[in-house]
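Please keep the picture in view while I talk.

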Amino acid sequence: MQRTMLKSKIHRATITEADLNYDGSLSIDQDLLDAAGIIPFERVKVYNINNGERFDTYAIQGKRGTGVIGLNGAAARKGHVGDLIIIVTYAQYDELELKDFAPKIILCDEKNGIRKLIDK
């Protein structure tokens, strides 16, 4: 049996930019991508804490160390600079993989730095 489980979570990241004219996606600081185990073009789900919006897009690499979290293209309509969001990915795991399973959870500080990493 396969189960769909939380793979990674970037919690309470702050939107730093929104570009309606970009071709789409979510820019994420490379430091956050690395810590969460998210790769460019991986599907992400985004939950906006401020307005309740929930949407899917894909991650793209943002400049390392900048704290950038950017809504691009149509996603730019789903939030505003300063909004807090949760970014998550899910993956399929079989029963054997679940024995040692733990998602990577990143808790962000107010500048989208890594305040805490939880990964078992």
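L107 has K116, in β9, as its bridge partner, and the two strands involved, β8 and β9, run antiparallel and are joined by 4 bridges. This is a predicted model, in which local features need pLDDT of at least 70 and side-chain atom pairs count only at pLDDT 80 or more, while totals for chains, interfaces and linings use all residues. Residues are numbered from 1 along each chain as its sequence is written, and side-chain values use heavy atoms, with hydrogens and water left out.

Strands here are DSSP runs of E with at least two residues, and helices are runs of H or I with at least four, numbered from the N terminus; two strands pair if DSSP finds at least two bridges between them. On that basis there is an open sheet of 9 strands with mixed pairing, in the order β2-β6-β3-β5-β4-β7-β1-β8-β9. Its edge strands, β2 (17-19) and β9, each pair on one side only.

Now to the backbone. Most residues other than glycine have a negative phi. N112, in the loop between β8 (104-108) and β9 (114-118), is not a glycine and yet has a positive phi of about 65°. F41, which is not a glycine either, has a positive phi of about 75° and sits in the loop between α1 (30-36) and β4 (43-48).

Which of these is buried, meaning under 20% relative accessible area, and which exposed, meaning over 50%, with partly exposed in between (1.4 Å probe, protein chains only)? N112 counts as buried because its relative accessibility is 3%, whereas F41, at 64%, counts as exposed.
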